[in-house]
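Take a look at the model below. This report goes from one detail on its surface to the overall form of the chain.

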Amino acid sequence: MGRLEELHLKESHIWAKMKSHYKEAVATNKRKIDNLKKALDKSQARSQLLTNRIRTLLQANRDWFTTQLKAVLDK
């Protein structure tokens, strides 16, 4: 019986280590996912800001851009 108890104790330690490694991996992956989501949100916001700036420039200088476009197309 002593051998079985010894094996059971070893197995319990192994399972406890595996559980702690699993919890660490889950926490690490959650942080990675959160960081990726933040980076994606930041990129989308930056892209939207640039799009809005370009629209504003085009609307403010529509005649100039039209003239430039016509000149290029005429070549």
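A patch is made of residues with over 30% relative accessible area and no salt bridge, and nonpolar side chains are joined within 5 Å. Keep in mind that this model is predicted.

**The nonpolar patch**

Ile-54, Leu-57, Leu-58, Trp-64 and Phe-65 make a nonpolar surface patch of about 500 Å². Two elements give two or more residues to this patch: helix H1, residues 2-60, and helix H2. H1 gives the most, with 3 residues.

Leu-58 is one of the patch residues. Its place is in helix H1.

**An aromatic pair**

A pair of aromatic rings is described by the distance of the centres and the angle of the planes. The structure holds 1 aromatic pair. The ring centres of Trp-64 and Phe-65 are 5.0 Å apart, and the planes stand at 75°. Planes over 60 degrees apart count as edge-to-face, so that is the name for this pair.

Side chains of opposite charge can pair when their charged atoms come close. How many salt bridges does the structure hold? It holds 2.

| Glu-6 and Arg-3 | 3.3 Å | 3 residues |

Glu-6 and Arg-3 are separated by about one helical turn.

Arg-3 counts as exposed, because its value is 52% and exposed means over 50%.

**Helix H2**

Helix H2 covers residues 62-74, which is 13 residues. At 1.5 Å a residue, H2 should span 18 Å. Its end C-alpha atoms are 18 Å apart, which agrees. Is H2 buried or in the open? The number of buried residues among its 13 is 0, so H2 lies largely in the open.

Ala-71 is in helix H2. At 38% relative accessibility, Ala-71 counts as partly exposed. Ala-71 and Ser-43 are 28 residues apart along the chain, and their C-alpha atoms are separated by 35 Å.

**The whole chain**

Now step back. The secondary structure of the protein chain comes to 2 helices and 0 strands. The radius of gyration is 31 Å, while the globule rule gives 11 Å for 75 residues. The value is well over the rule, so the chain is more spread out than a compact globule. Along its principal axes, the C-alpha trace spans about 95 × 25 × 5 Å.

Burial is the last point. Buried residues make up 0% of the 75 residues in the protein chain. The chain exposes about 7,500 Å², and carbon and sulfur atoms supply 61% of that area.

Technical notes. Residues are numbered from 1 along each chain as its sequence is written. This is a predicted model: local features need pLDDT of at least 70, side-chain atom pairs count only at pLDDT 80 or more; totals for chains, interfaces and linings use all residues. Side-chain values use heavy atoms; hydrogens and water are left out. Helices (H or I, at least four residues) and strands (E, at least two) are DSSP runs, numbered from the N terminus. The expected span of a helix is 1.5 Å times one less than its number of residues. Buried means under 20% relative accessible area, exposed over 50%, partly exposed in between (1.4 Å probe, protein chains only). Patches are made of residues with over 30% relative accessible area and no salt bridge: like charges are joined within 9 Å, nonpolar side chains (Val, Leu, Ile, Met, Phe, Trp, Tyr) within 5 Å. Accessible areas come from the Shrake-Rupley method with a 1.4 Å probe; for residues, only the protein chains shown count as cover. A salt bridge is a side-chain nitrogen of Lys or Arg within 4 Å of a carboxyl oxygen of Asp or Glu. Rings of Phe, Tyr and Trp (its six-membered ring) pair if their centres lie within 6.5 Å; planes under 30 degrees apart count as stacked, over 60 as edge-to-face and the rest as tilted. The radius of gyration is taken over C-alpha atoms; the globule rule is 2.2 Å times the number of residues to the power 0.38.
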